[in-house]
Amino acid sequence: MKSQIAQYIEEIKAARIEDFKDRAAGVEQFRVRFLGRKGILADLFEQFKSLPNDQKKEMGVALNQLKTAAQAKIEEWKNFVEQSAELNDTHDLTMPADFSQRGSRHVLSVTMNEIAEIFARIGFTVEESVEIEDDWHLFSALNFPPDHPARDMQDTFFVQKEEGKTDIALRTHTSSVQVRVMETHKPPIRIIAPGRVFRNEAISARAHCIFHQVEALYVDKKVTFADLKQTLLYFAKEMFGEQTQIRLRPSYFPFTEPSAEMDISCNICGGKGCNICKGTGWLEILGCGMVDPNVLEACGIDSKEYSGFALGMGVERMAMLKYQIRDLRLYFENDLRFLHQFDNII
């Protein structure tokens with residue numbers, strides 16, 4: 001597989017847009033071949049899932065290099081086609097210049113992509129699913145008791161909640177994606193689930209009814225809490241810098257046992273204590289734990305043979321810590337003065 005990827009990279013490097021009669025159509029043909037839903041990258045990622053664990057890290061890096069090479073070539077060709085079209089146009093050179101600013105990615109998109117890239121480097125693939133979910137995938141399969149507050153109207157946006165009918169709601173977490181993957185894939189499973197979630201909360205500087213999560217799941221034979229801790233440490237150092245330290249505190253979640261909250265050393269004061277970390281030197285960033293055996297069994301996985309860990313983080317929280325943003329509402333107001341501060345981080 002490695003040699004095959006290397007051949008594709010060399011093919012991309014050697015490709016010339018001049019070889020296409022219709023250059024615009026040629027760019028699209030090239031994109032579909034490599035990046036389409038049934039293209040080369042999609043096929044290689046399917047093969048990647050069946051690789052032994054000791055090969056996944058190396059192959060994950062190679063696949064990302066192939067994807068980057070394809071994207072760079074497509075972007076280069078698109079720019080060439082656009083510039084060629086402009087040269088063929090008739091312009092009035094007496095008209096004033098257009099100094100309008102180019103658009104850029106939203107800070108949340110940038111942050112989510114960075115998180116995904118970090119996990120991709122250690123073999124995690126991205127899985128996505130629907131935003132409107134049933135009770136089984138949102139709560140029951142995840143070991144939520146019948147009287148859990150999340151099942152109440154004041155905490156969740158229900159689309160359908162009637163006696164005798166299956167409860168349907170806007171998903172409150174992307175853990176539902178984990179359930180769907182475990183139901184349809186045999187271990188080993190190593191995925192992240194990024195996406196938008198909804199909770200019935202009052203909007204303030206620290207809370208919002210819409211936000212984004214990235215959750216990670218790893219299920220295989222002999223997965224231990226030590227594997228979880230090492231993954232968390234790797235992520236923290238890649239996201240916030242090599243000097244970052246982590247701290248795990250016991251916690252409770254229905255779907256993991258044991259469970260923990262993870263803190264990182266404050267990247268503002270270096271752990272000395274400031275108003276951002278409230279003088280503690282630590283900042284809470286995510287929840288995690290070992291997948292509860294009841295959850296594995298509910299999804300059709302033998303908990304005596306397999307174990308796993310899961311973790312979940314809020315993307316808004318990550319962006320707040322990394323870029324020192326103090327008000328969640330700024331993400332959704334589309335104020336150009338705020339958005340243009342992040343033009344250069346892409």
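In which loop is the place of P188? In this predicted model, P188 sits in the loop between α7 (175–184) and β5 (189–198).

**Backbone geometry**

The peptide bond that joins P187 and P188 is cis, with omega about 5 degrees. Most peptide bonds are trans, and most residues other than glycine have a negative phi.

Two asparagines have a positive phi. For N143 the angle is near 70 degrees, and this residue is found in the loop between α6 (135–138) and β3 (158–160). For N334 phi is about 55 degrees, and N334 lies in the loop between α10 (315–323) and α11 (336–339).

**Solvent accessibility**

The table lists relative accessibility for residues discussed in this report.

| Residue | Relative accessibility | Class |
|---|---|---|
| N79 | 32% | partly exposed |
| N143 | 28% | partly exposed |
| N334 | 54% | exposed |
| C209 | 16% | buried |
| C299 | 6% | buried |

N79 is located in helix α4 (residues 53–88). Between N79 and F139 there are 60 residues of separation in sequence and 47 Å in space, C-alpha to C-alpha.

**Cysteines**

The structure contains zero disulfides. The closest cysteine sulfur to that of C299 belongs to C288 and is 19 Å away, which is too far for a bond, since a disulfide requires sulfur atoms within 2.5 Å. C299 is buried because its relative accessibility is 6%, under the 20% cut-off. C209, at 16%, is likewise buried.

Notes:
Residues numbered from 1 in each chain as written. Predicted model: local features only at pLDDT ≥ 70, side-chain atom pairs only at ≥ 80, totals over all residues. Heavy atoms only, no water. Helix = DSSP H or I, 4+ residues; strand = E, 2+ residues; numbered from the N terminus. Buried < 20%, exposed > 50% of the residue type's maximum accessible area, 1.4 Å probe, protein only.
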